[in-house]
Amino acid sequence: MILMNDFKAESAQLRDAMLDAVRRVLDSGWYILGQEVLNFEKSWADCCGVNHGIGVGNGMDALEISLRALNIGPGDEVITTPMTAFATVLAIIRAGASPVLADIDPETALMSLESAKRCLSPNTKAVVLVHLYGQMRDMDRWAQFCEENHLSLIEDCAQAHCASWRGKMAGSFGEAGAYSFYPTKNLGAFGDAGMVVTNDTKLAERARLLRNYGQSERYHHDHVGLNTRLDEVHAAMLLVKINFLSEYIIRRRNVANIYKKEIFSDKVQMLAAPQEDNSHVYHLFVVKCKERDLLQKKLLFSSVQSLIHYPIPVHKQKPCLSLKRDPKGLMHSERHANICISLPCHPQMTDRDVGVVVEAVNSFRGA
Ligand SMILES: *Cc1c(COP(=O)(O)O)cnc(C)c1O
């Protein structure tokens, strides 16, 4: 079976280096918020080209803390997309703010700026921009939109490790960037992990308090914080894995380029090409197919796993049925949810695996 992710196929060299890292943590006797976390925070902030990294428990908390550190909460509206992981919207709700859903551009599945404009109100305080599937686009236009409307820009970078746009890394455009290191992400931990990255020293300080019970100094709690700290063992292992990341991203692009060159089918449509090579890191390789469910069955028959990102847009989820949205509706998000399908695209794939996927797609004839 060609899997969507195949962690067991990672190199022995990586595995040994990680086991050494785990041993180092066990021997240190210090397990939460220690030197490994500090080192990883520094390394990841450096990778993102920003001054501060604040390690947290997961990507959703990184978003909630970013919002709360910016004082965004009850009464405030935050524009985002319904075509994302549920965590994006849940984080806004958890922060006490009100999500307002903008539709997507059908060519990329990214939030549409035109739709976001229709979502503006006097209560709009921020945009959570999701670099969906690993794509960054039009960052100058989003930055300008936020500036003109006095909105904070928060980047949801959970799928965009190492993506850049005109030389600037994901997470360095907004007031804050929120990363997830969930195991399947481009940089994945061995459990839950996340990070807030920012150039804003005040925001970084507040985020550090908020992740640790709102504690300013031991036993002094100045804020209603959370418990969402990064474990030493995850930080130590992620520090090892960072060294393999650029090689992994190159392989993801490789696989994607083979798909783009070799998939020929009138049943399958590609998303728009990235604006520049480095602006897409192919966390997911997504195509569109009107007979998506049949294609998925056919792939499975050829021993190819596939997944749908995402089959149900956020506004169709129970807690979100009455969320505010683009007055023109969310038609493109709904359509995309019905036709999108993600093909395996990960660094452990062999050329042979890629060939099997191409062949399986190309031989799909539909109903
Ligand atoms: C994975 C993901 C998240 C949530 O990250 P967790 O670490 O699972 O909390 C948020 N946004 C997007 C776009 C994601 O893909």
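Start with serine 180: an N or O atom in its side chain lies 2.6 Å from an oxygen atom of the ligand. That makes it a polar contact, meaning a pair of N or O atoms within 3.5 Å. The protein covers 89% of the 380 Å² of accessible area that the ligand has on its own, with areas from the Shrake-Rupley method and a 1.4 Å probe.

A word on ground rules: this is a predicted model, where local features need pLDDT of at least 70, side-chain atom pairs count only at pLDDT 80 or more, and totals for chains, interfaces and linings use all residues. Residues are numbered from 1 along each chain as its sequence is written, and side-chain values use heavy atoms, leaving out hydrogens and water.

Here are the side-chain contacts to the ligand.

| Side chain (N or O atom) | Ligand atom | Distance |
|---|---|---|
| Serine 180 | oxygen | 2.6 Å |
| Glutamine 159 | oxygen | 2.8 Å |
| Threonine 88 | nitrogen | 3.4 Å |

Now for the wider shell. There are 15 residues around the ligand, and Gly59, Asp156, Gln159, Ser180 and Lys185 come nearest; a residue gets in if one of its heavy atoms lies within 4 Å. By type, the shell splits into seven nonpolar, six polar and two charged residues. Helix H3 (59-69) and helix H4 (86-94) are the elements that give two or more residues to this shell. Helices here are DSSP runs of H or I with at least four residues, strands are E runs with at least two, and both are numbered from the N terminus.

On to the aromatics. The whole structure holds nine aromatic pairs, counted when ring centres lie within 6.5 Å, with planes under 30 degrees apart called stacked, over 60 edge-to-face and the rest tilted. Tryptophan 44 and tyrosine 179 pair edge-to-face, at 5.2 Å centre to centre and 90° between the planes. They sit 135 residues apart in the chain, tryptophan 44 in helix H2 (residues 35-48) and tyrosine 179 in strand E8 (residues 176-180). Tyrosine 179 also pairs with phenylalanine 181: the centres are 6.4 Å apart and the planes at 5°, so this one is stacked.

What cluster do these rings belong to? Phe40, Trp44, Tyr179 and Phe181 form one aromatic cluster. Tryptophan 44 is buried at 0% relative accessibility, tyrosine 179 is buried at 1%, and phenylalanine 181 is buried at 0%; buried means under 20%.

One more ring: the charged end of lysine 168 sits over phenylalanine 173, 4.6 Å from the ring centre. The cut-offs there are NZ of Lys or CZ of Arg within 6 Å of the ring centre and within 35 degrees of the ring normal.

Conventions. Polar contact = N/O pair within 3.5 Å; in protein donor to acceptor, adjacent residues only side chain to side chain. Nonpolar A, V, L, I, M, F, W, Y, C, P; charged D, E, K, R; others polar. Phe/Tyr/Trp six-rings, centres within 6.5 Å; stacked < 30°, edge-to-face > 60°. Buried < 20%, exposed > 50% of the residue type's maximum accessible area, 1.4 Å probe, protein only.
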